[in-house]
Amino acid sequence: MESHVLQIDFLGSGSSGNATVIRYEQTCILYDCGFSGRELKRRLENTAIGLDDITAVLLTHEHRDHIGGLPLLARRESLPVYLTEPTNVAVRFGSRATCQRIFIQAGQTFRIEQIEILPFEIAHDARQPVGYVLSFPDGTRLGIATDLGHANPEALEALDGCNLIGLEANHDPDLLKNGPYPWFLKQRIRSNKGHLSNPAAADLLSEVAGDGLQHIFGLHLSETNNRPALAKKALVDQVSKLGLTTQVSVISQNEPLSYAAPGQMALL
Ligand SMILES: [Zn+2]
Ligand SMILES: [Zn+2]
């Protein structure tokens, strides 16, 4: 029986950079690339992945903490980069770009090799941001949703019943309220197109979590307005309230996490 064919490497997540490598057999997908080229390369090397190993790049939106490494990646000839058309208008690929740009639309699935991918709309102050659900041949579904001001119906529907969920737990409402950010920035983060708080992430979880949810990964934690322990507690408390056995991890800006999925073979 095959196991551990799905490997997820969270290279780091937070307000200053987000990138995740998702490997399934020979396919290696980079989900956002929000570190500088040099930093991205360094973080990839730490997980023994070279730039040439990457099969395709999925982009969620144009904010710098999601696309910083794009000019480096875009130099690779014909590398497929998936993004929405409005995102493309706002993104810098750099003058040496030779990659392919493939425009996707929320709600329309596409495939990268064996993996079926569903982009879904998220509520965020970018041109046309999306999250993605990846469905693997062994039945595992991985959904990632960061940079969302609230749980919009499209996100809830897409994440419903996923086995693995990467979910934004951006801030603790009290730390944000009493923290050093200027008022306008606090308002932006709190708005329904801003970022998901720890309790809002826990609420979202209660709507989408099912018996098949194996692991939840807290993402995009603010270094100023959150603490890993607070984000984790919010998610762990919700998991136990729901009576589930789901594991919870949180990923910080400078603490990458590698996860090997146990696979769904036993459930088929
Ligand atoms: Zn953003
Ligand atoms: Zn972001």
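I started with contacts, meaning heavy atoms within 4.5 Å. Leaving aside neighbours within four places in sequence, I found Asn170 in contact with Ser15, Ile189, His195, Leu196, Ser197, Asn198, Leu219, His220, Leu221, Ser222, Asn225 and Asn226. This is a predicted model: local features need pLDDT of at least 70, side-chain atom pairs count only at pLDDT 80 or more, and totals for chains, interfaces and linings use all residues. Residues are numbered from 1 along each chain as its sequence is written, chains are lettered from A and ligands numbered from 1 in the order written, and side-chain values use heavy atoms, without hydrogens and water.

Next I looked up where Asn170 sits: it is in the loop between strand E11 (164–168) and helix H6 (173–178). Helices (H or I, at least four residues) and strands (E, at least two) are DSSP runs, numbered from the N terminus.

Is Asn170 buried or exposed? Asn170 counts as buried because its relative accessibility is 3%; the cut-off is under 20% relative accessible area, with a 1.4 Å probe and protein chains only.

I also noted that a polar atom of the Asn170 side chain lies 3.0 Å from the backbone oxygen of His220.

Then I turned to the sheet. Seven strands form an open, mixed sheet, ordered E7-E8-E9-E10-E11-E12-E13; strands pair if DSSP finds at least two bridges between them. E7 (110–112) and E13 (247–250) each have a single partner strand, so one side of each is left without a neighbour in the sheet.

E7 pairs with E8 (residues 115–121) in the antiparallel sense over three bridges, and I saw Ile112 opposite Ile115 in E8.

Notes:
Buried < 20%, exposed > 50% of the residue type's maximum accessible area, 1.4 Å probe, protein only. Polar contact = N/O pair within 3.5 Å; in protein donor to acceptor, adjacent residues only side chain to side chain.
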